[in-house]
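Work through the exercises below with the model open. Try each task before reading its solution.

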Amino acid sequence: MKSVAERRGELEARKADLENRIAGIGAELDSHEAKDWEEMATEREADEVLEDLGQSAQAEIRMIEAALVRVEEGEYGYCVKCGDQISEERLDLLPATPFCRNCAPS
């Protein structure tokens, strides 16, 4: 069973990884210098994928930040809907989840 301090460390490490990934995506998006239409079309498709990855990372960062607030408030590991303790297995899979298995949206 992991302690809340261990979980906090994992959340903070994941957040830092995501922030680095977002910075890399931004640098990649800024680096394109296509010269012809075919290259520009290919770059645009790649840009859309990168933008989606960046948006997913930003959404995960928001979830992690909310989880870190729950850690500070002593509420981490408890469902925000019903108040029951979230199982270790669920926290292992989804460390930033605010919901127990029963209350998680489908």
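**Exercise 1.** Is Glu19 buried, partly exposed or exposed?

Solution. This is a predicted model, where local features need pLDDT of at least 70, side-chain atom pairs count only at pLDDT 80 or more, and totals for chains, interfaces and linings use all residues. Residues are numbered from 1 along each chain as its sequence is written, and side-chain values use heavy atoms, with hydrogens and water left out. Take the cut-offs: buried is under 20% relative accessible area, exposed is over 50%, and partly exposed lies in between (1.4 Å probe, protein chains only). Glu19 has 38%, so the residue is partly exposed.

**Exercise 2.** Find the salt-bridge partner of Glu19.

Solution. Apply the criterion: a side-chain nitrogen of Lys or Arg within 4 Å of a carboxyl oxygen of Asp or Glu. Lys15 qualifies, with closest N and O atoms 3.9 Å apart. Both residues sit in helix 1, four residues apart, or about one helical turn. Helices here are DSSP runs (H or I, at least four residues), numbered from the N terminus.

**Exercise 3.** Explain what the Glu72 and Arg8 pair ties together.

Solution. First, the distance: the side chains form a salt bridge at 3.5 Å, N to O. Next, the location: Glu72 is in helix 2 and Arg8 in helix 1, so the bridge ties together parts 64 residues apart in sequence. Last, the accessibility: Glu72 is exposed at 59%, while Arg8 is partly exposed at 29%.

Methods: Helix = DSSP H or I, 4+ residues; strand = E, 2+ residues; numbered from the N terminus.
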